[in-house]
Amino acid sequence: MNTYRCLKKHGNSAEYVQILEGVSTNSIRQKELDKIPTFGLLNSVKRKRIVTYLQELQNCQLLKKEKKGFSLTPKGEALRRLFEEESRRI
């Protein structure tokens, strides 16, 4: 399951942080967001730091805050595609 597409369709700001923390709420389980590769990715990082990371991505114009969650900016999308292409080569 593609993390970005799944979150774009289902996620909200609070869920983004919970997913990165690995917090399994009823809502996250129902949407099967606990099955995406980034679930729990930052489970050793404090919530405040994760929020700071998301703010920094916005400051770098890679993420855009939406009414419901975040979306990648064109710059962020280009970077995501680059990482995706590189990961296929490995």
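**Entry 1: terms and model**

I call a residue buried under 20% relative accessible area, exposed over 50%, and partly exposed in between (1.4 Å probe, protein chains only). The model is predicted, so I note that local features need pLDDT of at least 70 and side-chain atom pairs count only at pLDDT 80 or more, while totals for chains, interfaces and linings use all residues. Residues are numbered from 1 along each chain as its sequence is written, and side-chain values use heavy atoms, with hydrogens and water left out.

**Entry 2: the chain as a whole**

I looked up the secondary structure of the protein chain and found five helices and two strands (DSSP runs numbered from the N terminus, helices being H or I with at least four residues and strands E with at least two). Reading from the N terminus on, I wrote the order of the elements down as α-α-α-α-β-β-α. Of the 90 residues in the protein chain, 32% are buried.

**Entry 3: helix 2**

I then turned to helix 2, which covers residues 13-21. Eight of the nine residues of helix 2 are buried, so the rest of the structure largely encloses this helix. Which residues of helix 2 are buried? I listed S13, E15, Y16, V17, Q18, I19, L20 and E21. Just after helix 2 comes G22, where I read a positive phi of about 90°.

**Entry 4: the aromatic pair**

I searched for aromatic pairs and found one in the structure (rings of Phe, Tyr and Trp, the last by its six-membered ring, with centres within 6.5 Å; planes under 30 degrees apart are stacked, over 60 edge-to-face, and the rest tilted). Because Y16 belongs to helix 2 and F70 to strand 2 (residues 70-72), the pair ties together parts that are 54 residues apart in sequence. Are Y16 and F70 buried or exposed? I found Y16 to be buried, and F70 as well.

On the face of F70 I also noted K65, at 5.4 Å from the ring centre (a charge sits over a ring if NZ of Lys or CZ of Arg is within 6 Å of the ring centre and within 35 degrees of the ring normal). Next I looked at G69, which is placed in the loop between strand 1 (63-65) and strand 2. G69 has 0% relative accessibility and therefore counts as buried. The C-alpha atoms of G69 and E15 are 8.1 Å apart, although 54 residues separate G69 and E15 along the chain.

**Entry 5: salt bridges**

How many salt bridges does a search of the whole structure find? I counted seven (a side-chain nitrogen of Lys or Arg within 4 Å of a carboxyl oxygen of Asp or Glu). One of the salt bridges joins the side chains of E15 and K31, at 3.2 Å from N to O. Since E15 lies in helix 2 and K31 in the loop between helix 3 (26-30) and helix 4 (47-59), this pair ties together parts that are 16 residues apart in sequence. I noted that E15 is buried at 5% relative accessibility, whereas K31, at 26%, is partly exposed.

I went on to helix 5, which covers residues 74-89. R88 and E84 form a salt bridge, their closest N and O atoms being 2.8 Å apart. R88 and E84 are four residues apart in helix 5, so about one helical turn separates them. R88 counts as exposed, with 59% relative accessibility, and E84 is partly exposed, with a relative accessible area of 27%. I also found that R88 and E84 belong to a network of salt bridges that links E77, R80, R81, E84 and R88.

A further salt bridge brings the side chains of R89 and E86 together, at 3.1 Å from N to O. R89 and E86 are three residues apart in helix 5, which again means about one helical turn between them. R89 is exposed, with a relative accessible area of 62%, and E86 is partly exposed at 36%.

**Entry 6: a nonpolar patch**

Last, I looked up L79, L82 and F83, which form a nonpolar patch on the surface with about 280 Å² of accessible area together (patch residues have over 30% relative accessible area and no salt bridge; like charges are joined within 9 Å, and nonpolar side chains, namely Val, Leu, Ile, Met, Phe, Trp and Tyr, within 5 Å). I placed L82 in helix 5, and at 44% relative accessibility L82 counts as partly exposed.

Conventions
Areas by Shrake-Rupley, 256 points an atom, 1.4 Å probe, with all protein chains shown as cover.
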